[in-house]
Amino acid sequence: MATPRVLVLRAPGTNCDQETAYAFEQAGASSDIRHVFDVRQSPGDLARYQVLCIPGGFSYGDDVAAGRLFALQLEKFLTDALHEFVAQGKLILGICNGFQTLLKAGLLDDPGEGPVATLTWNDRGRYEDRWVHLEVRGDRCVFLRGVKRLYLPIAHAEGKFVARDEKTLARLDAEGRLALRYALPEGGNENVARSEYRKPLPFPINPNGSQADTAGCCDATGRVFGLMPHPERHIDALQHPRWTRGEGNREQQGTALFANAVEHFR
Amino acid sequence: MTLWEVEIHPAAGLPDRTAEEVLSDARDLGLAPDRLRTARAFLLEGELTRDDAESIAQRLLADAIVERFRVDTPEQLGVSHPDGNFAALIQVRYKPGVMDPVAQSTLEAIAELGWDLDAVATLRKYWLDGLDDDACQLLGKRLLANDSIEHIDFGPLQVTHLRHDHQYQFELRRVPIRDLDEDALKKLSREGQLYLSLVEMQTIQAFFRELGREPTDVELETIAQTWSEHCSHKTLAGRIAYTDENGTRHFENMLKETVFAATERIRASLGEDDWCVSVFRDNAGVVRFDDRYHVAFKVETHNHPSALEPYGGANTGLGGVIRDTLGTGLGAKPICSTDVFCFAPPDLPGDAMPPGVLHPRRVMKGVVAGVRDYGNRMGIPTVNGAICFDERYLGNPLVYCGNVGLLPHGAETKAAQPGDLIVTLGGRTGRDGIHGATFSSAELTSESEEVSGGAVQIGNAIMEKMLQDVLLQARDEGLYHAVTDCGAGGYSSAVGEMGADIGARVQLDQVPLKYAGLTYTEIWISEAQERMVLAVPPECWPRLEALCRSEGVEATVIGEFVATGRLELFYGESQVADLSMKFLHDGRPPVVRSAEYRPRSETPFTAKSPKGFQETLLAILASPNVCSKEWVIRQYDHEVQAGSVIKPLVGATNDGPSDAAVVRPRLDTYRGLVIACGIQPRLGDVDPYHMAASAIDEAVRNCVAVGADPDRIAILDNFCWGDTEKPEVLGSLVRAAIGCHDTAVAFGTPFISGKDSLNNEFRYQDETGATRTIAIPPTLLISALGQVANARQCVTMDLKEAGDLVYLVGITRDERAGSHWSLVWDAEGGRVPRVDAARAIQTYHRLHEAIRKGWVRACHDLSEGGLAVAAAEMAFAGGLGMEVTLEAVPYEGEQLEDDENAAVRLFAESNSRLLVEVRQEDGPTFEALMEGVPCACIGRVTESDRLVVRASAESSPCIDVELAALKEAWQAPLRWS
């Protein structure tokens, strides 16, 4: 297949759709930005795409809870189409509000079980925009193939990853599904930073108090992936906060996620 | 019909974070309860069984992992808490008619689940122990709720049903005016909240005497809104006789002859190269950006609403200025926002508050949250701002919100055509914001909260985002001839303006309402948010309607533009207004004012309790105006849309203070926009002319510091002043406007848009019953929009590498009046900083060339705290030391004693100065380029972790301090939890 087609799905209040579509295009995909009100009338349209991306923003204003009302739209109108989509080996990416939406729509759950996890209010209780270091764990997640570390901004209020219970957390970890974690800058000593074994890294390394420092989580197939940081905001050297200091490393740009999605279909 | 309550608590074992936050704020007020628990709740009204309500709670409202819920009727829940008894329960809900986006979304989501409810409301609940009834009342009113929009129940909920529709019985109301005497006219103006002058009332009276009939209420309201200060800027655009030490000058139109005139002169001198596109005409000023796009910029104030309800005021303030961008030309796409605030100091003792005043800390938190929630939800990065503190902003804080938009070439002009349909797009109309335009033109009093509650609103950012999504698509499809925003004055102002040269006929009963019961007048003047008005050719209406439906946005035809020259309003069959557009827009009698300015005589600079330089530096870094605003900045998304090039926080650990923001509005090119501001209220007390000049210089040099081309900087003015009916207050404003003119012309920086907010005074009665008035200091905000051809050449202010040279560009003089040295040590007198504009612009051109050549590694402007603060900030932002020798500083003026000499060089706040880091090997070429403009090497970057300052190379250091201590002093004050 030559050029994978990406559907960037938006809802009222989605606001990172254009730069996300641009990032996919820069990586060699073609992309359509479509409203869920439009797609829900013809769920069959999903078959035309290889990648579905739910971008960041404030779908429905985060009213009730972040991602909840967008998730309701997916559950009500697109459940079958989405399961079919995944079953066909296609890819789904949720960024920030898109991650919240995927999780609340159950798209990261295991069949027959309850919700694996939720994303709730940051420990500090408010919205924050800051850059974080990230580390890739395992190789389950298709979007993160060949990636070791990333440096990306987060911008959210409800990004604290909390698993259903300890057992679920341990299982997700064992299965390599907690694929992306907040981490110290390269060379930092985790044992020094962490107050005790398995406790989250301190703020601001882990900016929201997520369990197991989880910044991104995939489903059992590794083809459905959600993350809180914004890879589309670091695809150009000039987006790095310290580019004027000569800093920045192409390998840690978000570009890799989009390129991996394209590569998957080549 | 049942009313169910779904109460949602943190799951067992999880912390109650809302309670922790409230407890921390309550401690500041001395009202901390012994124990506090909170919950959020939803009230659901409709045909629902308990099982239905439980199902809704489980599927929609509560999180299965981190929350637990219970469902019952409010009566059954009473004051109980699932975990035991508490002495008191405080419940807070919105007053009827106040925008509650969460309730609205929830209602729609429940409908998706299959239940049609009548109404949903949200509720916040606080259970507590250890406060008596009075203390509970205080806690409720001071912290938990705002009277102007919220209702508090102490104890059980006093709600039986939620819908508040009233049937409206049409009745045409006329207001007898023809036979009123002067006193009765004044009374009508005041009590009808028209806020018109006697002469204006008499003009209206004469107009209707001639027509031989009495006006209807809506006619009178329409005239009042159109003629309000807020909508017509009648004072500053009026006739003014201005007297100062140079004699008396008569203005026919003050703004036109100062600020606008500067722009006209600059444009004329540019000739073919004129890059201004649309100035002082549309909702925002427009300049050329590249070969495909123009860029629009507007800054508005929302001071009075923010004084009463900081969250809602700032929220709708930003929402309003974004609509200005959307309503510029055929609609510009918002790409970034700015915010500048003026508050009383946040550490003011709580018992020092006059009646009716919110504590500045609460005002600040509310305002920041209001901007955050609107901007972040819209997906527009907030990239630049400033915060100024002065006790005189206590009852009247200032909230400036700005927005920049991208406009395709060809979309800069618009005109409604006869036959076009008048279409309202977006939000529904309610009773919100009635009299906002006239209220903003009045002064605040301790009773304002009660009288003007209707003028206070909460925004719904998602509605506006949806509106934007539809509008920009409709623009690109060419579906309308004109657009404007519905802001102050509502439809009255929007339709009135669009149809001013044509005529309009509006059917008020067609306007979609939030709830029934509005009178035709309320519909016409409501300032409900998130609405735009379009002029749509009839053949385009079906496509527009379909587009709106596909995005879930309501669009309704409410009338037609007609070539009658009249404004005609109907409700059903009845005509309720019939006014000539000419009278409405040209009939207002000119305002004639006198203005007077007496210059202060200059006195020597004397500090009462001067301390050492190092202590002074630390004190200035910790002063609220200068200290880090990271607590604010990080709450804003400053990177959405992915165009961020220079962020508000820069440096080795992403926390140094950037001079300006740089944004790439198009991701496929490297042409950048530079956004900065200048504001110097402390100089306004000394001389408003030099305040204006200094603010312009500050805004421009901030742009230049990051790499903006000095030939492509456009500026905006926002005058916030006290009561301009007082000749001395108006005099200081006119003097500032003259300063604006002279400086803009000398710099070649055109003003492209502006706004004024007058009557910023707060009146109250003190404990003795005497009436007191606090007027704000004259406050001029200059916002700057610069451009950079290649964003890859931009620079930041943080030091880059040890061994580099540090140059000071610009002349230092003994200018310490209004300085931060004088602020922290309570000094008086001194000379006010002036701007030598010709020399400054020459300096900026050279520096720009050096930046383009890549010789400048870091650049930081000198402002509050002068050289000492700039050097400290550059050093700790870069994590590198700096050594400075003061004798090399380019200085102009009389010889001073040793200590004074060093003090002036370190702390004077002379304008047009920047500190520049240059590689040693680039030093000679840099110096050659700067030949002829003031510039000298004053030090170097060091590997150490200290800032070391010496008077001369041989003397021992007068400052020798660790960077960590400097940074801590700067970061600690606003490091709020």
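Predicted model: local features only at pLDDT ≥ 70, side-chain atom pairs only at ≥ 80, totals over all residues.
**Domains of chain B**

I looked up the distance between domain 1 and domain 2 of chain B: their centres, taken over C-alpha atoms, lie 34 Å apart. The contact draws eleven residues from domain 1 of chain B and 16 residues from domain 2 of chain B, where contact means C-beta atoms, placed from the backbone, within 7 Å. For the bounds, I have domain 1 at 2–154, domain 2 at 239–391 + 401–592 and domain 3 at 611–636 + 795–977 of chain B; they come from an automatic or database domain assignment.

Residues are numbered from 1 along each chain as its sequence is written, and chains are lettered from A and ligands numbered from 1 in the order in which they are written.

**A sheet in chain B**

Next I traced an open, mixed sheet of seven strands in chain B, ordered 35-37-34-38-36-39-40. Helices (H or I, at least four residues) and strands (E, at least two) are DSSP runs numbered from the N terminus, and two strands pair if DSSP finds at least two bridges between them. Its edges are strand 35 (856–861) and strand 40 (959–962) of chain B, each pairing on one side only. Strand 35 runs antiparallel to strand 37 (residues 914–918) of chain B, with five bridges; Val856(B) has Val918(B) in strand 37 as its bridge partner.

**Chain A**

Then I turned to chain A, which has seven helices and eleven strands. The C-alpha atoms of chain A fill a box of roughly 55 × 40 × 30 Å along the principal axes. I found 59% of the 266 residues in chain A buried.

I picked out Leu107(A), in the loop between helix 4 (97–104) and strand 5 (117–120) of chain A. Is Leu107(A) buried or exposed? Leu107(A) counts as buried because it has 23 C-beta neighbours inside 10 Å; the cut-offs are 20 or more other C-beta atoms within 10 Å for buried, 12 or fewer for exposed, and partly exposed in between. Beyond four places in sequence, Leu107(A) has contacts including Leu82(A), Asp219(A) and Val224(A). Between Leu107(A) and Ser31(A) I read 22 Å, C-alpha to C-alpha, at 76 residues apart in sequence.

Conventions. Contact = placed C-beta atoms within 7 Å.
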